[in-house]
Amino acid sequence: MIDPDVKAQLASYRQSIDNIDAALVHMLAERFRCTKEVGLLKAKYNLPPADPAREEYQIERLRQLAKAANLDPDFAEKFLNFVIKEVIRHHEQIAADHAEQSAAAR
């Protein structure tokens, strides 16, 4: 049988984790809302979906933040690389959709 104090402590940690997960989802949603707007601008002005210099800057910055927060910088980089790949994929889709709409308008 689990000690009631341990059970309460475990429940408290789990509640905190659930709250952090919810906040993370909301932050990612806002990030993707912003990157969608970037994708629309890129499509409108025929800019490339990827920006390697910006991506390199973001990765280096995230690695520094991870180190400062005692988080594994390799894990942080892998996470950001996943996000970047998704953003590029969305930007490519936005560009393709924009090209279709422009062609249909002609």
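These exercises work through the fold and the charged side chains of one predicted model.

Local features need pLDDT of at least 70 and side-chain atom pairs count only at pLDDT 80 or more, while totals for chains, interfaces and linings use all residues. Residues are numbered from 1 along each chain as its sequence is written, and side-chain values use heavy atoms, with hydrogens and water left out.

**Exercise 1. Describe the fold and overall dimensions of the protein chain.**

Step 1. Take the secondary structure. The protein chain has three helices and zero strands. Their order from the N terminus is α-α-α. Here helices (H or I, at least four residues) and strands (E, at least two) are DSSP runs, numbered from the N terminus.

Step 2. Check the dimensions. The C-alpha trace spans about 70 × 30 × 15 Å along its principal axes. The radius of gyration is 20 Å, whereas a compact globule of 106 residues would have one near 13 Å. That radius is taken over C-alpha atoms, and the globule rule is 2.2 Å times the number of residues to the power 0.38.

Step 3. Look at burial and surface. Of the 106 residues, 17% count as buried. Buried means under 20% relative accessible area, exposed over 50%, and partly exposed in between (1.4 Å probe, protein chains only). The accessible surface is about 8,500 Å², with 59% of it belonging to carbon and sulfur atoms. Areas come from the Shrake-Rupley method with a 1.4 Å probe; for residues, only the protein chains shown count as cover.

Step 4. Look at contacts (heavy atoms within 4.5 Å). Among contacts with a separation of 6 or more, 62% are between residues 24 or more positions apart.

**Exercise 2. Which residues pair in salt bridges, and where do they sit?**

Step 1. Set the rule. A salt bridge is a side-chain nitrogen of Lys or Arg within 4 Å of a carboxyl oxygen of Asp or Glu. The count comes to four salt bridges.

Step 2. Start in helix H1 (residues 4-44). Glu-30 bridges to Arg-33, with the closest N and O atoms 2.7 Å apart. The two are three residues apart in H1, so about one helical turn separates them. Glu-30 is partly exposed at 37% relative accessibility. Arg-33 is partly exposed too, at 44%.

Step 3. Move to helix H3. Arg-89 and Glu-86 form a salt bridge (2.7 Å, N to O). Both lie in H3, three residues apart, about one turn of the helix. Arg-89 is partly exposed at 46%, and Glu-86 is partly exposed at 22%. Elsewhere, salt bridges that share partners join Arg-63, Asp-74 and Glu-77 into one network.

Step 4. Glu-77 and Arg-63 meet in a salt bridge (2.7 Å, N to O). This pair links distant parts of the chain: Glu-77 is in helix H3 (residues 73-105) and Arg-63 in helix H2, 14 residues apart. Glu-77 is partly exposed at 24%, whereas Arg-63 is buried at 17%.

**Exercise 3. Is Glu-55 buried or exposed, and which residues does it contact?**

Step 1. Locate it. Glu-55 lies in helix H2 (residues 52-68).

Step 2. Judge burial and pairing. Glu-55 is buried yet has no salt bridge. Lys-42, the nearest side chain of opposite charge, is 6.2 Å away. Lys and Arg count as positive and Asp and Glu as negative; His and the chain ends are not counted.

Step 3. List the contacts. Leaving aside neighbours within four places in sequence, Glu-55 touches Ala-50, Ile-84 and Ile-88.
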